[in-house]
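Hello,

Here is the structure I promised to pass on. Please open it alongside this email.

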Amino acid sequence: MKQTYLITKLFTILLVSSFNTYSQTYNPYFGNIVNNTSATNILTDLTTFENFGVKEVGTTALANAENWITSRYTDLGYSDIELQPFTYSSGTSNNIVITKTGTTYPNTFLIIDGHYDTKNGPGTNDNGSGTVLIMELARLLLDIPTEYSIKFIHFSGEEDGLIGSNYYVNNTVIPENLDIKLVLNIDEVGGVNGMTNNTIVCERDQSNSPSTNNAASNIATNELANCIELYSNLSTEISYAYASDYMPFEDNGEIITGLYESNETPYAHGPNDILANMDPTYLFEVTKGTLGAALFFAQVDFNALQTESYNIDVTFSMYPNPVQENLNIYMDLKDQEYATFKLIDILGKQILHKTFKTSSNKLDVSNLNKGIYLAVFEVGNSKVTKKLVIN
Ligand SMILES: [Zn+2]
């Protein structure tokens, strides 16, 4: 949908390596799943998408694309597939919402979304690329248990002004009070034929309305960039989110991030937005990196990985540190107050969760693996994170 203003872009791009301090390391379990990404599937699906023609709301081409996407999920084995109809001046269209239920947090959702409507052309890059990427992720994640639930959402009406995503936020997210961990938006990631396509733009929330979700978006976007560099051969740039389906979520205070090609196609919204003008090998790499990120976001409490302390007025100490057996935990709890204490391992997995009602506590950690952990301590809205070494 969007076009970047080059000057602004140059000023806002920062190199990830300069501030990314939350690095995960390569996870071979994720890597094995990522290695099953199929370049052939991607190429075949892009061709199918292109052959439907110009997919504007109200056209048979869009209805055909909708049927194709829906039946793809059915054929894969997904059963929770919802069509959400909405009507406006261009006609009636459907958002396609597929839900995969999480094992630990079934009611908290990672949303991976992209629009499938196009404008003035077949839209093979904008946004056949995102459509095909999401379907390939869904294929590879089908039998992988994830702690969080995932919603794969194919929005319509994006090109007419984010109509479908606005409708979804107003008619599903808000009334159902949907608990969203993160929104990952994929729009125009196909690259440009003839150019060196080796970089992907990771988009973070820099909006002031509201700005309360920006810090978490920054963390998530750094994690996204990190995963892409771990699970693909691409480099990353950080820029700002704008003019795509994550914006209605942003307006509602959700944590968002997104992907957008670094070499921008000159063919968007025209008849030449076709496969011959894009770079399917680039899309293949973007898909691998995004899958690594999806596995990461769906498995771990990435917010707990940040080492900043939110509120220092909580008194909290633990000793000895390093610890071998018994960890003494002290906190200044008022009457009726209780605290939660979590240990997060280096891969971001929560391995221990306790509730404390007294100020002095003893915890036997001798059965835990040796290593570095993050101890996350919360009382009310206050949170302190400290490093703990078990040896
Ligand atoms: Zn688009």
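Predicted model: local features only at pLDDT ≥ 70, side-chain atom pairs only at ≥ 80, totals over all residues.

Domains first. The protein splits into domain 1 (6-305) and domain 2 (316-390). Their C-alpha centres are 36 Å apart.

Next, helix H6, residues 163-173. Its buried residues are Gly164, Ser165, Tyr168, Val169, Thr172 and Val173. Viewed down the axis of H6, the buried residues fall within an arc of 135 degrees, so they line one face of the helix. The general rule behind such a pattern: an α-helix has 3.6 residues a turn, so residues three or four places apart point the same way. What do the buried residues of H6 pack against? Five of the partners are strands: E1 (81-88), E2 (91-100), E3 (105-115), E4 (148-155) and E5 (179-186). Helix H8 (247-251) is also a partner.

Now helix H5, residues 124-141. Helix H3 (residues 39-51) crosses H5 at roughly 135 degrees, and the two axes come within 9 Å. That angle makes H3 oblique to H5. The crossing is right-handed. On the H3 side, the contact includes Ile42, Leu46 and Phe49. On the H5 side, Val132, Met135 and Arg139 are among the residues involved.

Helix H4 (residues 60-76) also meets H5. Their axes come within 10 Å and cross at roughly 10 degrees. H4 is therefore roughly parallel to H5. H4 passes H5 in a right-handed crossing. Trp68, Ile69, Arg72, Tyr73 and Leu76 of H4 meet Thr131, Ile134, Met135, Ala138 and Arg139 of H5.

Best wishes

Technical notes. Residues numbered from 1 in each chain as written. Heavy atoms only, no water. Domains from an automatic or database assignment. Buried < 20%, exposed > 50% of the residue type's maximum accessible area, 1.4 Å probe, protein only. Helix = DSSP H or I, 4+ residues; strand = E, 2+ residues; numbered from the N terminus. Arc of directions from axis to C-beta. Contact = heavy atoms within 4.5 Å. Axes fitted to C-alpha atoms, helices over the stretch in contact; angles between N-to-C directions. Parallel < 35°, antiparallel > 145°, perpendicular 65-115°, else oblique. Left-handed = near helix turned anticlockwise from the far one by under 90°.
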